[in-house]
Amino acid sequence: MNNIKIILQLICTPEKAWNNINERNIDYNLFLNRFLYPVMGITSASVFIRLVTDSYTLQQVLQGFTIIFVKYFIGFFIAAYLINECASRFYGIENNIKRAQKYTGYLLSIPMVVTIFMNILPGISFLELAPLYVIYVAWKGGTFIGIKAEKGFSYIIFSIIVLLSPMVVQMVLYMILPGLNK
């Protein structure tokens, strides 16, 4: 239940959510095991609804499950690494991969929730634009990483990496395994 509260707060009041996340200072392992991985699992499992609502076969659903999980799992680690490197190189912030992973994980929870809703309610096309809201949430979360407010706007460019990393992983999966894109 606490995970839902965090995600809703990130969506509704991102600045307050980042302040709460910073104040609570959740243990890194708890963050991974009780927040990020369960959200990834639920997001991946949401594709099984397509068995009932669409004319998807079990094979297509299993492929979709795999693609969703892999794209968010690998995308998370790539994005966190890049965010950490950008923060340290361009903004002089100390290298802290765990903080960068928390930042990335919380940001990725928004596109994951959108993916869940797109699986539950296919055909609602405006939901595809909802992950762009991550840019605003990333801007509000710049202080969590340690970016000063006056440099926040330029940091948004680097935070877009969070949004694009899972999509790039998905495109690479489709290129190296063309049978998945059916």
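Student: How many nonpolar, polar and charged residues does the lining of the largest cavity have, by class?

Tutor: The lining of the largest cavity has 5 nonpolar, 2 polar and 2 charged residues, where Ala, Val, Leu, Ile, Met, Phe, Trp, Tyr, Cys and Pro count as nonpolar, Asp, Glu, Lys and Arg as charged, and the others, Gly among them, as polar. Before going on, please keep in mind that this is a predicted model, in which local features need pLDDT of at least 70 and side-chain atom pairs count only at pLDDT 80 or more, while totals for chains, interfaces and linings use all residues. Residues are numbered from 1 along each chain as its sequence is written, and side-chain values use heavy atoms, with hydrogens and water left out.

Student: Which residues line the largest cavity, and what volume does the largest cavity have?

Tutor: The lining consists of Ile-83, Asn-84, Ala-87, Ile-93, Glu-94, Asn-96, Arg-99, Ala-100 and Ile-145. The elements that give two or more residues to this lining are α5 (58–91) and α6, and α5 gives the most, with 3 residues. The volume of the largest cavity is about 30 Å³, and the count comes to 1 cavity of 30 Å³ or more.

Student: What makes a space a cavity, and what makes it a pocket?

Tutor: Both are found on a 1 Å grid over the protein atoms alone: a cavity is a set of points where a 1.4 Å probe fits but cannot get out, whereas a pocket is an open set with protein on both sides within 12 Å along at least five of seven lines, and lining residues have an atom within 4 Å of a point. Grid points are joined across faces, edges and corners, and a volume is the space filled by probe spheres set on the points. The second largest pocket holds about 290 Å³ of space.

Student: Which element gives the most to the lining of the second largest pocket?

Tutor: That element is α1, with 6 residues, and the elements giving two or more residues are α1, α3 and α6. Among the residues of this lining are Ile-4, Ile-7, Pro-38, Val-39, Val-113 and Phe-117. By class, the lining divides into 11 nonpolar, 1 polar and no charged residues.

Student: Which residues of helix α1 are buried, and why are they said to be on the same side?

Tutor: In helix α1 (residues 2–12) the buried residues are Ile-6, Ile-7, Gln-9 and Leu-10, buried meaning under 20% relative accessible area, exposed over 50%, and partly exposed in between (1.4 Å probe, protein chains only). They cover an arc of only 160° around the axis, which puts them on the same side of α1; the arc is that of the directions from the helix axis to the C-beta atoms. The face turned away from this buried side carries the exposed residues Ile-4, Lys-5 and Cys-12. The buried residues of α1 pack against α2 (14–24), α3 (28–45), α6 (97–120) and α7 (133–140).

Student: Why does Lys-71 count as buried?

Tutor: Lys-71, which is in helix α5, has 12% relative accessibility and therefore counts as buried. Leaving aside neighbours within four places in sequence, Lys-71 is in contact (heavy atoms within 4.5 Å) with Pro-166, Val-169 and Gln-170.

Student: How do you know whether Ser-44 is buried or exposed?

Tutor: Ser-44, found in helix α3, counts as buried because its relative accessibility is 0%. Apart from neighbours within four places in sequence, Ser-44 is in contact with Phe-65, Ile-68 and Phe-69.

Student: What is the phi of Asn-25, and where is Asn-25 placed?

Tutor: Asn-25 has a positive phi of about 45° although it is not a glycine, and Asn-25 lies in the loop between α2 and α3. Most residues other than glycine have a negative phi. With a relative accessible area of 59%, Asn-25 is exposed.

Student: How many helices and strands does the protein chain have, and why is the chain called as compact as a globular protein of that length?

Tutor: The protein chain has 9 helices and 0 strands, where helices (H or I, at least four residues) and strands (E, at least two) are DSSP runs, numbered from the N terminus. The radius of gyration of the protein chain is 17 Å, close to the 16 Å that the globule rule gives for 182 residues, so the chain is as compact as a globular protein of that length. The radius is taken over C-alpha atoms, and the globule rule is 2.2 Å times the number of residues to the power 0.38.
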